[in-house]
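Hi,

Here is the structure I promised to pass on to you. Have a look at it first, and then read on for my notes on what turned up.

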Amino acid sequence: MKEQNRRMWTQYALLLLAGCFVSQLYASSDVKIYESFDEAFDGRWIVSEKEDYNGVWKHAKSEGHDDYGLLVSEKARKYAIVKELDDVVDLKDGAVVLQYEVRLQDGLECGGAYLKYLRPQEAGWIPKEFNNESPYTIMFGPDKCGATNKVHFILKHKNPKSGEYIEHHLKFPPSVPSDKLTHVYTAVLKPDNELLILIDGEEKKKANFLSADDFEPPLIPAETIPDPEDKKPEDWDERAKIPDPDAKKPDDWDEDAPMEIEDEDAEKPKGWLDDEPEEIDDPEATKPEDWVDEEDGEWEAPKIDNPKCAEGPGCGEWKRPMKSNPAYKGKWHAPLIDNPNYKGIWKPRDIPNPNYFKLDRPNFEPIAAIGIEIWTMQDGILFDNILIASDEKVAESYRKTAWKPKFDAEKEKQKAEEVANSGGLKGFQKVVFDLLYKVADIPLLGEHKSKVLDLLAKAETQPNLTVGVVISIIIVIFTVLLKLIFGGKKQQPARATTAEPKKSDGAEASTSNSEGATEEKEEQNEDAAAAPRRRTRRDN
């Protein structure tokens, strides 16, 4: 009996071990690559030897943790490092999850913290010469500088007709978290062409690769484009209104009459002090002890307003005030009438787009390496736990075990420091800014998003502006809502038609420039009018 029980328990144990083995084997097959940086990166990651990329990478601990990562150690440098994969990752086969952690330990004012998922070296690059020209398939991650504040997702897709690789940028991407905590960024590429962008496991953006509303330019080009050879006829008249050729200037129209004339009915106020100057020498002013007439010129007391003028109706020479001239009409112009020759605004005719193609699923290029190629003004950027997997649950498990404990510890430490430093004031402002950055992610803001982010960037450096920024953002959102509600009701001007075939608006897919950290600055010049002075010390 005992022998039988022993055999039964032995069988159970073997089945359990086999189940664990199969489960582990299945799980590991879902992980295409995982880099924890627990060990030094030398030998596994290759630092670019290109001259411009002189930033020093370090294997360092995350502040406050025993966990290691890949550290950007110097400010104002270009960095480039790459790791070749043991096996090429095919993005066409099922779902693919791209995930990694990054901590901006010193913040991020101007720079990138994104990854590039590179094509095989047959595309024309070598690891030791990795740079911004190295061909990639996907670029994903944070980028912030000036008005730019986004988590990039860029797909480089080959046009099968032209053979050209075009960068397709995700529209209205989420913003970069504004704190110094560890955050985990996840991109999920699904077989049904859906793309999900997650930050800290929370969905921030959902898009479709084949939707023109989600990528710029769209992956599928327009079927028609404006004919580049089509030219506007010389007799094409685009003026809707023209001056009436039969109109004549009235005989009593005086173009030379002034806009204002003296008020002849005005009288000088009683008590006006004609002989009193408007300004007098300051009786309390004294000549400086170090004033040298031979060097500085003759000293004269500065002027002040004459107190007698304030007591009476006025001083100095009295002049009649000016008033509007009832005879003023200005320059005469003939009234406008409808143009009988008006043909509408000319547009070139549409022709079939030679680069148009149909697509059921993006023709993803495979991933053969992972690279970090950035330019940044900040140090302290720490990369960690880089993962490529074929199962969202695997990525979720890494977030729970590798990222969440660090994040929770950092969050608690941050709260304690904020309370200790300012009695909770900064903590309140932090909550406000976090909320405002979430508001900035609302898709309906559209082109106004950059303005909102610019306001937030300025307010973060000047916390006393928080209330004003909140009001400004409310005004922007209210304006957008008004446009959405009433914008569609504006009547469009009628367009003239011609004998040409009916035209449709076509858009030619264009290649966008590689995204980097860019900043636009506006300069304002003010003319300062110097007040009249008497004699002053001469410049030596």
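The S-S bond of Cys309 and Cys315 has a torsion of about -125°, so this disulfide is left-handed. Bear in mind as you read that the model is a predicted one. The sulfur atoms of Cys309 and Cys315 lie 1.9 Å apart, and both cysteines, Cys309 and Cys315, are buried.

What is the handedness of the disulfide between Cys110 and Cys145? The torsion about its S-S bond is about -75°, so the Cys110 to Cys145 disulfide is left-handed. This pair ties together distant parts of the chain: Cys110 sits in strand E7 (residues 110-112) and Cys145 in strand E9 (residues 136-145), and the two cysteines are 35 residues apart. Cys110 and Cys145 are buried as well. If you number the bonded cysteines in sequence order, the pairing reads 1-2, 3-4.

Now for the fold as a whole. The protein has seven helices and 25 strands. Of the contacts with a separation of 6 or more, 75% are between residues 24 or more positions apart. Of the 540 residues in the protein, 36% are buried. The accessible surface amounts to about 33,600 Å², and carbon and sulfur atoms account for 50% of that.

On to the interior. In soluble globular proteins, nonpolar side chains tend to be buried together. Here, the largest nonpolar core is made up of 60 residues. Which residues have the most contacts inside this core? They are Tyr100, Tyr117, Phe140, Phe153, Phe383 and Ile388. Strand E5 (residues 77-89) contributes the most to this core, giving six residues. Another core lies apart from the largest one and has 14 residues, including Val432, Ala440, Leu456 and Ile473.

Best wishes

Terms used: Residues numbered from 1 in each chain as written. Predicted model: local features only at pLDDT ≥ 70, side-chain atom pairs only at ≥ 80, totals over all residues. Heavy atoms only, no water. Disulfide = S-S within 2.5 Å. Helix = DSSP H or I, 4+ residues; strand = E, 2+ residues; numbered from the N terminus. Buried < 20%, exposed > 50% of the residue type's maximum accessible area, 1.4 Å probe, protein only. Contact = heavy atoms within 4.5 Å. Areas by Shrake-Rupley, 256 points an atom, 1.4 Å probe, with all protein chains shown as cover. Core = buried A, V, L, I, M, F, W, Y, C linked by side-chain atoms within 4.5 Å.
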